[in-house]
Amino acid sequence: MLIGLCISFIFILKNNYKNPFSVETENLNIGETIRIELPNQVSFLNKASIKDTLWSLPENAKLIVDASNCNFIDHDILEVLEEFKSVVALEKNIQLNLVGVKDHYELSDQVQFVNILDREAQQKLTPDEILEFLKRGNERFVKGKWSEKYFKHQVNATAFGQNPIAVVLSCIDSRTSPEIIFDSGLGDIISIRIAGNIVNQEILGSLELSCAKIGTKLIVVLGHSNCGAVSSAIYALKDGNIASITNKIEKAIGTSDPSSKQSNLGNEHIFNHVVKTNVLNSIDEILDSSEFLKRKVDAGEYKIVPAFYDTSSGEVQFFQSVQTSPKSESIF
């Protein structure tokens, strides 16, 4: 029994030494960020491996140390973190976000950077790079691995200006908030919401303003499953001002399966086909009605991408971007 206990203790020591925490690299809007997540219990046995990891970080790195899950942090570990924070990080110009430290510890939280773009960084991004940011954000959302937002600090960072990376035209459905499903922060996305993600003159003006004056280069038109506006159009609901919405969506029904009007809405394939067709129709209307956006898309400076959000899985499916033929000069 004693031999068994000794062997077990050796394995415990070995595992604690080698695997006291997780280290991940995230590619956020501001670039590569290293994230260290501490476990529930951090003892003196972890000191050497944590110190080796922190001291080996490259210069000018951005680091997040997350202690949110920790119920106990040994005093030796606190000393390591304090030394890194006050000495090593300063010498190597490492920006450190230390978060989640319990109030009863002498070491306090610290946030030195937030995921906010400045104007210069915004303009350097290409539409394809922005699309990749949105895809990775949705992947984090689906997996439940959201990035730290630090909303209070983002409020301060965006108080005197905004530099969003994309504009999303989506439905008013409460389950489809673009900022959430793309795991974005304050000031990252311009969200334009209208039932059925349709297009009218005010929507066009908002899109042109977002791109021409605010600097976004990617437009996402986002439809979603179980869309109430599409359902209303299929059943020809026209009460009051609702007709201004359903009349536009009817075009998508007409170009879809002719049996869709008679089909049960439980037929997901037919229903979602109408939703996606409606998204494409909205994009066609944008390009037909806005000479400015059409010209920018033709030149490759902007991109308009159709997308579909699955309310059951949280996943966003992107489609091929829209290509058009050259047209007239800018209206700006």
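This is a predicted model: local features need pLDDT of at least 70, side-chain atom pairs count only at pLDDT 80 or more; totals for chains, interfaces and linings use all residues.
Residues are numbered from 1 along each chain as its sequence is written, and side-chain values use heavy atoms, with hydrogens and water left out.

The protein chain has 12 helices and 12 strands. Helices (H or I, at least four residues) and strands (E, at least two) are DSSP runs, numbered from the N terminus. Of the 332 residues in the protein chain, 48% are buried. A contact means heavy atoms within 4.5 Å. Among contacts in the protein chain with a separation of 6 or more, 72% join residues 24 or more positions apart.

Cysteines were examined next. A disulfide is a pair of cysteine sulfur atoms within 2.5 Å. The count by this rule is 0 disulfides. C171 is in no disulfide, and its nearest cysteine sulfur, that of C227, is 4.1 Å away. C211 is also a buried residue, at 3% relative accessibility.

C171 is one of the residues touched by T176. T176 sits in the loop between β8 (166–170) and α7 (178–181). With a relative accessibility of 1%, T176 is buried. Its side chain reaches the backbone oxygen of D173 at 2.9 Å. The side chains of T176 and R193 are joined by a polar contact of 3.0 Å. A polar contact is a pair of N or O atoms within 3.5 Å; within protein, one must be able to donate a hydrogen and the other to accept it, and residues adjacent in sequence count only if both atoms are side-chain atoms. Leaving aside residues up to four places away in sequence, T176 touches S170, C171, I181, R193, H224 and Y309.

Two loop residues have a positive phi without being glycine. N60, with phi near 65°, lies in the loop between α2 and β4 (62–66). At 49% relative accessibility, N60 is partly exposed. N197, with phi of about 40°, lies in the loop between β9 (189–193) and α8 (201–214). N197 is buried, at 2% relative accessibility.

The whole structure holds 3 aromatic pairs. Rings of Phe, Tyr and Trp (its six-membered ring) pair if their centres lie within 6.5 Å; planes under 30 degrees apart count as stacked, over 60 as edge-to-face and the rest as tilted. W55 and F84 form a tilted pair, 6.0 Å centre to centre, with 50° between the planes. W55 lies in helix α2 (residues 47–55) and F84 in helix α3 (residues 75–91), so the pair ties together parts 29 residues apart in sequence. W55 is partly exposed, at 28%, whereas F84 is buried, at 2%.

Helix α5 (residues 127–143) has 17 residues. Its span from first C-alpha to last is 25 Å, close to the 24 Å expected at 1.5 Å a residue. The expected span is 1.5 Å times one less than the number of residues. Buried residues in α5 include I130, L131, F133, L134 and F141. An α-helix has 3.6 residues a turn, so residues three or four places apart point the same way. Just after α5, G144 takes a positive phi of about 75°.

Definitions and conventions:
Buried means under 20% relative accessible area, exposed over 50%, partly exposed in between (1.4 Å probe, protein chains only).
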